[in-house]
Amino acid sequence: MSVGVTDTGRVNRGIAARTVFLMALFGVLAFVPLAMKLYQVQIKDHSRYEEMAVDQQTRNTVISPERGTIYDRNMKSLALSASVYNVCVNPNAIKTDAKRVEISMGLADILELDAATVEERIKSNAGKQYLAVKLRVEEEEEKAARQFVVDHKLGDFIWLEPNTKRYYPYGNFASNVLGFVSNDGQGVEGLELKYNTQLTGTPGRIVTARNTQGVTKSLQYEKYFDASNGMNMVLTLDETIQHFLEKHLSAAVVENMVTKRAIGIVMDVKTGGILGMATSPSYDLNNRNEITDPVVQAQLAGLEGEELDKATNAAQLAQYRNKAVNDTYEPGSTFKIITAAIGLEERVVTMTDRFNCGGSIKVAGISDPVNCHKKIGHGAQSFLEGIQNSCNPVFVTVGLRIGRQKFWDYMHAFGFFEKTDIDVPGESGSIISPWNAYNYSDVSLAVYSFGQTFNVTPVQMITAASAVANGGKLMWPHIASEFRDNDGNVIESVQPRVVRQVISSETAAVLCAALEEVVRDGTGRNAGVTGYRIAGKTGTSQKSQLPKEDRYGHYVVSFLGFAPADDPQIALLVAMDEPMKGDANLRSGGQMAAPLAGRIFADILPYIGLKPQYAPGSLAAMETMTPNLKELPLEDAKKVLKDMGVSYRVEGGGGTVMDQLPAQGVMMPMTADMILYTESQRPDAAVTVPDVTGKTPEDANKLLVDAGLYMKISGVADDRSTTIKAGRQDVNPGEEVPIGTVINVEFIDVSVADDAL
Ligand SMILES: [Zn+2]
């Protein structure tokens, strides 16, 4: 029996245990080196000695430990290692040209290599005992290589050495978070790098003595050092939430013509656990050299030669960056959450305090007044209305009441001066003027109060805002939650950590309620999801580092919010860097980022088990799931619908329902008729989808019903306002679809004010 890696592929625990037993029995732990010595001493014949020295191979084979699997919080594998093999030859044993040619041709054929190259490599390594002809071959090539060795009795010259290869089952998914490993299996980016030590394990070795036939002499001549596999890592990340985040983010990047990528973070506000974190466009972990961003592809297309190589390399490094953690941005109006929190906590303002906005505010030390995004001003308003309107003069006033020292202290407390210590590599620090510069006048304070002229990371921003959502407790953001061994035993469990209490729970509750009003009826309205209570704030920030004349239109648009507003569980930050769609004055957080956030919330909230609560009489409340009525007596079917409150009409004079429209199991508005066919199947007709964009919910519904279609509503769909219009529909106008198809229509409030400076 041979137990070398060549034949079994893997040294399992059973063999290792048996070996240890035998070694103990024969005392071979000491015997292996002694045996080698004995050969040298005992063999007198010089030529024979030489021959033995060459033929008697002592191979020292490294056994790679298996790298740990990375799981999401529901134990779905996000990164895993599979066994592969290195095909190796012993050039020193190949004595004749004929043998070398035979081996080169055979292996080249199986491994899809160039035979001449293989032969040349064997030749130039003639004095060596080890040459890897091909690394990490998978099952098919491995089996063929083994067969080749058996068929041609080449066990003396060729063997297969176990190795591992990293796979990412989801490909282009959470790439900027997971990262990847190098060709030699070391983590070089993302979590693969951060937790390389835990995932790697310790390599083992096999020392094998072989005779001239290449056959292992006996168990006594083999020595095993068992590899100790890496730990498996369980993340706080949720594959489904990550999927929702990436799906909507990448669609928004295309739709809004985002030129400098976009980010999204979903955080569990109670634990600081990261549920989702994405940069878009991202890249494929299984094909990481390929540039995926079409903007960058276009830039590379014009280059060639060395210039192309250099630019490609830079683009690869850029696409690996986790923009949510590695880069900074000016948070803009989303920072008003923090200013409001400080003002309320320090009792320099209450929700009912009155302010007046005339479109700008004069601040001592600034030659130009600070403008409000609403040039004609918001007029008289309460602080609550000032938050809803994202009014700059209101926040400058509150900022000045807080004062430079207090404002600075709270920025510290909210964590803006230190890295969050999130467990992904390469976290950037914030970029904020030193105290001296800041303290020079109230100018900095005035501009800081609405989130401009300093840079923070997205993860700092969502962590700080999550403190407001979490009763004032600032949590440590983290992504690894457990380390387990191969048997599933938890070796280490990461505990959520409260960094500090920043504001009181009372202040936090008051502010959460105000931020819900921002989404219910303010600049955040387009983040609304019918049936759910969402709180948040939009942002449209300039880039202060750009020359003044270049700033217009080059914005970071963002939305930062949480849900449910009355008992927040998740926080969400989305930010798009330089969306260039349409007129510059229409690029805003309210118009671009808020609807994106709404789509993400709409998917996540039902997924985490929250049921929608519809306001009585709202359009969305008038939706129902269609029952199956086929083959029911007509009178029974009518009763079912009557009990459900669904109106209907009957086609034909029969007594049994033959078919129905819509089919079973779709959401249909109760304002539309369900059709019962009693004599035939429903008509197999195709209808043309009308263009409902820009229409009110009522008008859109009528257009679709007239066309023989049904409407499913998403987005902002309460019917309080005449400014709610259909923004997008999931089937394009002009397309032919079967009669009775349900068309998803997303409504947004087109009157939501631009909150840019
Ligand atoms: Zn204003």
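Trainee: Leaving aside neighbours within four places in sequence, which residues is Ser280 in contact with?

Mentor: The model is predicted: local features need pLDDT of at least 70, side-chain atom pairs count only at pLDDT 80 or more, and totals for chains, interfaces and linings use all residues. Residues are numbered from 1 along each chain as its sequence is written, and side-chain values use heavy atoms, without hydrogens or water. Contact means heavy atoms within 4.5 Å. With neighbours within four places set aside, the partners of Ser280 are Leu249, Ser250, Val253, Arg261 and Ala262.

Trainee: Is Ser280 buried or exposed?

Mentor: Ser280 lies in strand 12 (residues 274–280). Strands (E, at least two residues) and helices (H or I, at least four) are DSSP runs, numbered from the N terminus. The cut-offs are under 20% relative accessible area for buried and over 50% for exposed, with partly exposed in between (1.4 Å probe, protein chains only). Ser280 has 6% relative accessibility, so the residue counts as buried.

Trainee: How are helix 11 and helix 23 oriented to each other?

Mentor: Axes are lines fitted to C-alpha atoms, for helices over the stretch in contact, and angles run from 0 to 180 degrees between N-to-C directions. Helix 11 (residues 239–255) and helix 23 (residues 589–607) pack at about 165°, axes 9 Å apart. Under 35 degrees is roughly parallel, over 145 roughly antiparallel, 65 to 115 roughly perpendicular, and the rest oblique. The pair is therefore roughly antiparallel.

Trainee: How are helix 15 and helix 21 oriented to each other?

Mentor: Helix 15 (residues 336–345) packs on helix 21 (residues 458–469) at about 40°, with axes 10 Å apart. By the angle classes, the two helices are therefore oblique.

Trainee: How many residues of the contact of helix 15 with helix 21 are nonpolar?

Mentor: Helix 15 supplies Ile337, Ile338 and Ala341; helix 21 supplies Met461, Ala464, Ala465 and Val468. No polar and no charged residues take part, and the nonpolar count is 7.

Trainee: What percentage of the residues of the protein chain count as buried?

Mentor: The chain holds 25 helices and 33 strands. Of its 757 residues, the buried share is 52%.

Terms used:
Ala, Val, Leu, Ile, Met, Phe, Trp, Tyr, Cys and Pro count as nonpolar, Asp, Glu, Lys and Arg as charged, and the others, Gly among them, as polar.
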